[in-house]
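Subject: Structure handover

Hello,

Here is the structure for you to look at. My notes follow below it.

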Amino acid sequence: MAEAAEFLRPGEGTDAELIEDPDEKQTVKLQVRGYEHRPSDPVSDREAEPEGEKKEDSQVSGDLIDITNHLYDTLRGGRHIVFANRRATVETSADLLRRRAEEAGVPNEFFPHHGSLSRNLREKAEDRLRTGNRPTTIVATTTLELGIDVGNVESIAQVGSPPSVASMRQRLGRSGRRGNPAVLRAYVREAKLAPDSPPTDRLRVDLVRTIAMVRLLSQGWNEPPITGALHLSTLVQQVLSLIAQRGGLNAEQGYDVLCRRGPFRSVSTEQFAALLRDLGSSELITQTHDGTLVLDLKGERLVNHYDFYAAFSTPDEYRLMAGGSEIGSLPIVAPLYEGRYLIFGGKRWKVVDVDQEKNVVELVPSEGGRTPLFGGMGAMVDGEVRREMRRVYTTDEYPAFIDSKARDLLEEGRREFRKMGFEERSFVELGNDSIWIPWVGDQVLNAIELALQWDGLDIETTDLLLRAKETDVNELETAARRLHREGLGNPVDLAHRVQNKQIEKHHAYLREELLALDYASQYLDCGSESALGVD
């Protein structure tokens, strides 16, 4: 609570009054269910294709069909929210659930909810769930995690590993009101193993991360706020809002209200001045003869648009191009640079160019064996979650909240963890490559990856591990120990190597130097976890 107070009132957190109820208790009913990937048979796959999708994009795996069948049998007739990490999973799951209702000859009560849907469709689903007159289950991304009142629901379901402990706790809080137990069912999908399965599949990373998050949740822990972040995109919005509110603003007044006494205390006077100059160059603001800042024509149009007062927006979709053809699109918030590896469409790719203005990423095929089945770029993972994952791997206890299939998958993951040698060391060989698990959070992992790339190593990051291509394990360990000894370097210098720094809503108006400062403050950590997992 003290950290939250400091986050909300930088420099004055100790003055905030903390209102806590030490006697508050809540009963939680929770189960983690494990599923092993299996392809659909041709008949069920045709029947499961979401309407209007292309054949090549409509492969629905048998394990997702199994999950939606369990959701249908368990949730039908009640009021629930199902969270999924990706929009495609939301749409596919909602479609499968609707088809089950049609097959049973009953009215549909399952509805999708995500940022790409029209506001009208989202509000219809929200109103139906809020009124409680009819059975309703909404399948959503983060859009229903907070801020929208849909009333009390009977249970929460999570398809895939939760984005974070805080997110899981927030979602869980949607149920269990008025003295009722909070109910959460988590459905975790893992790959079917083969002799050449990649390490993250063999280690059952998604399941182990979910178990670690539940354990941390039961201990009352969740991710602390990131302090020291500049949040320059939001500062742009607040500057324009303040000018609109007052009809004009002196630069010194603006800095005093927003930075010196406000929430943007990490922003220096020089950075604030540079931000104002960038807003002027973008024709969002202009200065009168007496120095007053007022909205320019583009600024007027921006502020008067209904979308302006939403501080957040969905990350831009990057078009992925290979050999002159578009192979798909992906919202990318992890660092991108020439030489980085991506996993997409069941294949490995290497980035050869990033066009930030056109949101185009040029890729070439990459060698490297099979790809992780559910590999991808999700939310930032905290270092404490990774260390709790290590404790899950190294203990022989089985949590009471996992089902029999999840127990079998966990046993496989622990067996592979020992077989690969990670119980004794953090560096292991894998063919001609070397793997390092530093057991740190993604902010540190991003910095390590960039620092090792700077050193000339060919690095691929997949979830919790770094893989050095065509590199002897001693060479990787030597490089890691040097980083441990000398440090990861200047985070702003590392951020300059990242090509996709325009991540947030108003970043397009800012210069490269400010973007690097903002990126480094939020996505890179070069100092707090100094051990770097070096044994």
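Strands S3 and S4 (residues 136–140) run parallel and are joined by four bridges. Strands and helices here are DSSP runs, numbered from the N terminus (strands E, at least two residues; helices H or I, at least four). His 113 has Ala 140 of S4 as its bridge partner.

This is a predicted model: local features need pLDDT of at least 70, side-chain atom pairs count only at pLDDT 80 or more, and totals for chains, interfaces and linings use all residues. Residues are numbered from 1 along each chain as its sequence is written, and side-chain values use heavy atoms, with hydrogens and water left out.

The open sheet has six strands, in the order S1-S6-S5-S2-S4-S3, with parallel pairing. Two strands pair if DSSP finds at least two bridges between them. S1 (28–36) and S3 (110–113) each have a single partner strand, so one side of each lacks a neighbour in the sheet.

Now the loop between helix H10 (251–260) and helix H11 (269–281): Pro 263 lies there. Pro 263 counts as exposed because its relative accessibility is 51% (exposed is over 50%, buried under 20%, partly exposed in between; 1.4 Å probe, protein chains only). Pro 10 is 253 residues away from Pro 263 in sequence, yet their C-alpha atoms are 6.1 Å apart. Pro 263 touches Pro 10 and Leu 258, leaving out residues up to four places away in sequence. Contact means heavy atoms within 4.5 Å.

Leu 452 touches Trp 436, Leu 466 and Ala 479, among others, with the residues up to four places away in sequence not counted.

Best wishes
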